[in-house]
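This briefing is intended for a reader meeting the structure for the first time. Please keep the sequence and the model at hand while reading.

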Amino acid sequence: MPIPLQKLFTYKITQAEAGYLQTGMRVAVPFGKSKIFTGLVYKIHQNKPAAYEAKEIFQILDDKPLITLKQLEHWEWIAKYYMCSLGEVLRAGIPSSFLLESETLIVKNKAFTDEKGLENEEFLIYEALEYQDKIKIEDVYKILGKKNIFPVIQSLLHKKVIYTKEELYEQYKPKLVKYLRLNEKYNDEKGLNELIKTLQRAEKQRKVILTYFHLKATKEHINQSTLKKKSGVSDAVIKALIDKEIFETYHLQKDRVSFDSQTFPLKDLNEVQKTAYTEINEAFKEKSVILLHGITSSGKTEIYSKLIQEVIDLGKQVLYLLPEIALTTQIISRLQKYFGNRITVFHSRYSLNERVEAWNNMIAQKENTQIILGARSSVLLPFHNLGLIIVDEEHETSYKQFEPSPRYHARDAAVVLANLHQARVLLGSATPSVESFFNTKKGKYALVELNHRFGNVMLPDIELTDIKEKHRKKRMTGHFSDRLIEEINNALEEKEQVILFQNRRGYAPIVECTSCGVSPQCPNCDVSLTYHKFRAELRCHYCGYTMPMPKVCKACGNPTLDTKGFGTEQIEIELNEIFPDARVSRMDMDTTRGKYGYHKIISAFQEQEIDILVGTQMLSKGLDFKNVSLVGILNADNMLNFPDFRAHERSFQLMVQVSGRAGRAKKRGKVIIQTFNPYHQILQQVSVNDFAGMYKDQMNERYQYHYPPLVRLIKITLKHKDPNKVSQASEWLGKSLKNTFADHVLGPATPSISRIRNQYIRTLLIKLPANRPIYESKKIIWKIYNSFQSIAEYRPVRFIIDVDNY
């Protein structure tokens, strides 16, 4: 069932239904007092439940299974490992259009006649039911024009004016395309001669018929718009032919997303790529997982393409995972050149209908599902013959799902999925995660290295600029040092492009009164509001709360409000002032909200319609722009000082990845990193691309303080609107966990942002040594969770378990 309950439920079926149903089919089942849910058949058995009376199913929704047995096995592993229910994995994995749910309908009781005893609002609903047999709950909102409608419905039920019933509704609508064809009676020679005689005086109609035959020679199906365009007539002429029953219309179902079938041969690999390709194939004989550590712009995508071709020639499927939807835009166009319409794309920016079509095509094993390209949710799809999984930019945190459950990591789930299908996994990155590199050192994964850029272009020259010194010498213009401005000018003169990186959106993260020091806070969260200048509003990036930018301080009434810090929006405004002739654009969450938001900006930058692109971490993820010669990181310090054990590793990865966008074609690129502390160990390692040094330092720290990959982390978060209740619950939980795990439990602690959406938060961290059996520890946590839930006082507190929470 698509609900967060641990157990499976047994329902009654007939002998005939038992013979028809298979594991993975959908059935509509009654659940609770009146609701109807879509459930998946797990198994058919003869064991009657002892705890409850089995209900009968409502109806069977499929004629063949919607999910595969291997897929179900994979989902069970996710549920077990990440400590969630199979229902939560089902809800995350299946497009919600498949999960039909019942909708409450209000129906008039025909036996009721005493309308005089009704209140005004009750009479409005009664009157609406005079004209319609049944109305939806949302219609009642419109009729009464208010939010609190349930007391009125309750009163009508009590007076027996109405009764409610549940009705299943389908969300998915296939896309039907309308085509034209000649009526059957004109298909032989006699009928045709008769038709031409009939249309002797109707010149335009005759022209349409002749154009139709001309098109029919090359096309199987002809639609009205094509016929209209080619024959040069109006819609009225074609409509007249339909009315005369000369043409008839028919509909065909068509996929909403399809790619051109034209393909080009794969590019030849250079010597370095060939060596890496051979090493990968050799390593696959020994190990099923390989880490490809290739520096930025070394041509990893071309090696992937060669491996994909090899696998699909064997008739197997390939899953190509990407961390960011922005990246899929570029990779689609590159892979489409080689593989044409054999690609299916699946990610959350696609509409529900598009995702349903991708799923149905995979179940039907269509040719266009040989290569699946998508973000993390693609690992939950129904594969039938998987041969290879490529996890590009495997170090990215975007592969980890944080909210809602299941809180899985797509890279780790992909390794398990490949194991179920006896497939291979290739993890690719210029800056591998410490965990993956540690696995190569332990011999769990094989390692292949690619240390030369494509075309022997040198790695960019990285320069650290001390902005503390620049501020002291008054050489800063806004947030730009004189060196950065000089290099931007040089790039613009050479007609080259520039990328500027600032990992914070908005104009300024803090607005503060210089008189009394008060800064506007979010009423729902413990954070200050971020100023967005374009809309002249303050916005909370956690709950979405907005308010207009005040003219005066709400505390002291003085008009002395000032901004602290800077985001991408402020950088964009400053650039327009410093470089008035340059074309500046911004790429962050605010500018890429629409379905094609990423595509528009990336295409414009590729077509060189933008000179300077300002962006957040979206820019760091494997994008390939030939004409970028300069990358500027405006403030490296806020990343380094983030309170997280992976802050230094992440900062190294982010800065090396952003730097890798520079000088990818012919000329050596330039990177300028602005910092208050140019002697920081990580910045020194970034400037010489010293991954080995960074890995060694990080591992030493993690040995010392017991952090992954040497231990496993399980984070437990408690949330409730009452701070006292969440505090008491966390104290009880902390004591219970310490009885079993002793010093391996940290907390309960209050996180740096202790309230979000009016929910107070407490966290506990369990560090499980690598030699301790993980599933035994999880069983103990489940027991403690059940004890916690059995205390009535603590039951309303939200209990969130996050395994591998980094």
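**Briefing on the predicted model**

With a relative accessibility of 0%, Phe788 counts as buried. The model is predicted, and the mean pLDDT of the protein chain is 86.

**Confidence**

- A pLDDT of at least 70 is reached by 95% of the residues in the protein chain.
- Confidence is highest in helix H15 (residues 410–420), at 95, and lowest in strand S6 (residues 162–168), where the mean is 72.

**Aromatic pairs and charges over rings**

- There are 26 aromatic pairs in the structure.
- In one of these pairs, the ring centres of Phe645 and Tyr707 are 4.6 Å apart and the planes stand at 15°; the pair is therefore stacked, as planes under 30 degrees apart count as such.
- This pair links distant parts of the chain, 62 residues apart. Phe645 belongs to the loop between helix H21 (637–640) and helix H22 (647–659), and Tyr707 to the loop between helix H24 (691–705) and strand S29 (711–720).
- Trp732 and Phe788 form a tilted pair, because their ring planes are at 55°, with the centres 5.9 Å apart.
- This second pair also joins distant parts of the chain: Trp732 lies in helix H25 (residues 723–741) and Phe788 in helix H26 (residues 774–790), 56 residues apart.
- Whereas Phe788 is buried, Trp732 counts as partly exposed, at 25% relative accessibility.
- Both residues belong to one aromatic cluster, together with Trp782, Tyr785, Tyr794 and Phe799.
- The ring of Tyr707 has the charged end of Lys767 over it, 3.8 Å from the ring centre.
- The charged end of Lys80 sits over the ring of Tyr775, at 4.3 Å from its centre.

**Strands S29 and S33**

- Strands S29 and S33 run antiparallel and are joined by six bridges.
- Opposite Ile716 stands Ile801 in S33.
- Five of the six residues of strand S33 (residues 798–803) are buried, so the strand is mostly covered.

**The three-strand sheet**

- Three strands make up an open sheet with the order S2-S1-S3 and antiparallel pairing.
- Strand S2 (35–40) and strand S3 (59–60) stand at the edges with a single partner strand each, so one side of each has no neighbour in the sheet.
- Two bridges connect strand S1 (residues 26–31) with S3 in the antiparallel sense, and Gln59 in S3 is the bridge partner of Ala28.

- Strand S10 (residues 317–321) pairs with strand S13 (residues 386–392) in the parallel sense over five bridges, and Leu321 stands opposite Val391 in S13.

**Helix H5**

- In helix H5 (residues 137–144), the buried residues are Ile137, Val140 and Leu144.
- Viewed down the axis of H5, these buried residues fall within an arc of 45°, so they line one face of the helix.

Note on methods. Residues are numbered from 1 along each chain as its sequence is written. This is a predicted model: local features need pLDDT of at least 70, side-chain atom pairs count only at pLDDT 80 or more; totals for chains, interfaces and linings use all residues. Side-chain values use heavy atoms; hydrogens and water are left out. Rings of Phe, Tyr and Trp (its six-membered ring) pair if their centres lie within 6.5 Å; planes under 30 degrees apart count as stacked, over 60 as edge-to-face and the rest as tilted. Helices (H or I, at least four residues) and strands (E, at least two) are DSSP runs, numbered from the N terminus. Buried means under 20% relative accessible area, exposed over 50%, partly exposed in between (1.4 Å probe, protein chains only). A charge sits over a ring if NZ of Lys or CZ of Arg is within 6 Å of the ring centre and within 35 degrees of the ring normal. Two strands pair if DSSP finds at least two bridges between them. pLDDT is the predictor's confidence in each residue, from 0 to 100. The arc is that of the directions from the helix axis to the C-beta atoms.
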